[in-house]
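Please read the points below alongside the model. They cover helix packing, the domain arrangement and the ligand shell.

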Amino acid sequence: MKSSLLGLTKDELLNEIKKLDEPSYRVSQLIKWIYQKMVFSFDEMTDLPLILREKLDELYTLSLPKILDIRYSSDKSYKFLLELEDKEKIEMILMPEGNKTTLCISSQVGCPLGCIFCLTGKMGFRRNLSCKEILAQFILAKMNTKRRITNIVFMGMGEPLLNYDNVLKAIEIMTCREGFGLSLRRITISTAGVVPAINRLGKKNNRIPLAVSLNASDNKTRDYLMPINRKYPLDILIETLRKYPIPPRMRITFEYVLIKDINDSPSDAINLAKLIKGIKCKINLIPFNEMPEIKLFKPDDKTIYNFQKLLISKNFTTLIRQSRGKDIKGACGQLAVSLQ
Ligand code: SF4
């Protein structure tokens, strides 16, 4: 079976090129064709000798997942349904907004964490995505938009820190200067709170912006909303984040899905402020996206604004984030291919 050249770092590509007894500058040529010109047929790589192109074609593939469907939202975001080689399916969302275009990508097929407000969680866990499959989402999105993709968020299907190595390797390739050259600052990893992996990220990759999906300020509520809290309860998670080496001019983003009568009271806001006091952070409030499959509801606007006002009064930068792509089931918590 042919192996894929997509999803290989520069050093790994160099190893493959060496195996073929080719000079190392071929790596730069390959990177240029694949990641800058986005050419996925060796035959079209015209500055490579014909014999090398034939050899590459015999041994390697540059195949991408199939786009099964693209759905366009009235808010101009669009959702892609992709089919992987083993026929598993994943989704990703492209969200243009002013000069910014954000791609929300998946890191797993399904998710093992089962947060009760999330349809992906209801799918259960199928498998981790490979580095190639993560990278391919970015490539396919680039091929299907005239806009420059400025930001990437790992907030699609799955918990990225449970697929740590593949996610980090994909980020290494996305930010490789000779390749896509994306800035690390523009890639956000969002986690439900996988404490050991947060520690690992802090030691090695603390320059990647980190978002933590918090959603509650007490263990009882968080246990109910996010079963991972039973493994890594709030005190351990917050202690970990207090010690997290946040670089200058960066801060942690706390995401808080506001759910009617569950976590939206003034005392929830005050407890939240107490809980995260002293952490360099900002808070994104995300009003719950109602969906028939989940019996939870969005708070009314007054409750949402009061919650925000209370946090602002405690000196937290607090934004209300309206989810994009609700009408195409592309909003936060709505990605789940098998439930459509
Ligand atoms: S919210 Fe994130 S971590 Fe929780 S089930 Fe959904 S995809 Fe998994």
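**Note on helix packing, domains and ligand shell**

1. Helix H5 (residues 131-143) packs against helix H6 (residues 164-174) at an angle of about 45°, the two axes being 8 Å apart. Axes here are lines fitted to C-alpha atoms, for helices over the stretch in contact, with angles running from 0 to 180 degrees between N-to-C directions. Helices are DSSP runs (H or I, at least four residues), numbered from the N terminus. H5 and H6 are therefore oblique to each other; angles under 35 degrees count as roughly parallel, over 145 as roughly antiparallel, 65 to 115 as roughly perpendicular and the rest as oblique.

2. The model is predicted: local features need pLDDT of at least 70, side-chain atom pairs count only at pLDDT 80 or more, and totals for chains, interfaces and linings use all residues. Residues are numbered from 1 along each chain as its sequence is written.

3. H5 and H6 cross in a right-handed sense, that is, with the near helix turned clockwise from the far one by less than a right angle. On H5 the contact is made by Cys 131, Ile 134, Leu 135 and Phe 138, and on H6 by Asn 166, Val 167, Lys 169, Ala 170, Ile 173 and Met 174. Residues are in contact if their C-beta atoms, placed from the backbone, lie within 7 Å. By class, this contact of H5 with H6 has 8 nonpolar, 1 polar and 1 charged residues. Ala, Val, Leu, Ile, Met, Phe, Trp, Tyr, Cys and Pro count as nonpolar, Asp, Glu, Lys and Arg as charged, and the others, Gly among them, as polar.

4. Helix H1 (residues 10-19) and helix H2 (residues 25-36) have axes that come within 9 Å and cross at roughly 120°, which makes H1 oblique to H2. The crossing is right-handed. Lys 10, Leu 13, Leu 14 and Ile 17 of H1 meet Arg 26, Val 27, Leu 30 and Ile 31 of H2. The contact of H1 with H2 holds 6 nonpolar, no polar and 2 charged residues.

5. An automatic or database assignment divides the protein chain into domain 1 (3-61) and domain 2 (66-339). Their centres, taken over C-alpha atoms, are separated by 34 Å. In the contact between them, 9 residues of domain 1 meet 15 residues of domain 2. H2 gives the most to the domain 1 side, with 3 residues. That side has 4 nonpolar, 4 polar and 1 charged residues.

6. Which residues come nearest to the ligand? They are Cys 111, Cys 115, Cys 118, Gly 121 and Ala 192, out of 12 residues around the ligand; a residue counts as near if its C-beta atom, placed from the backbone, lies within 6 Å. The shell around the ligand has 6 nonpolar, 5 polar and 1 charged residues.

Note on methods
Helix = DSSP H or I, 4+ residues; strand = E, 2+ residues; numbered from the N terminus. Contact = placed C-beta atoms within 7 Å.
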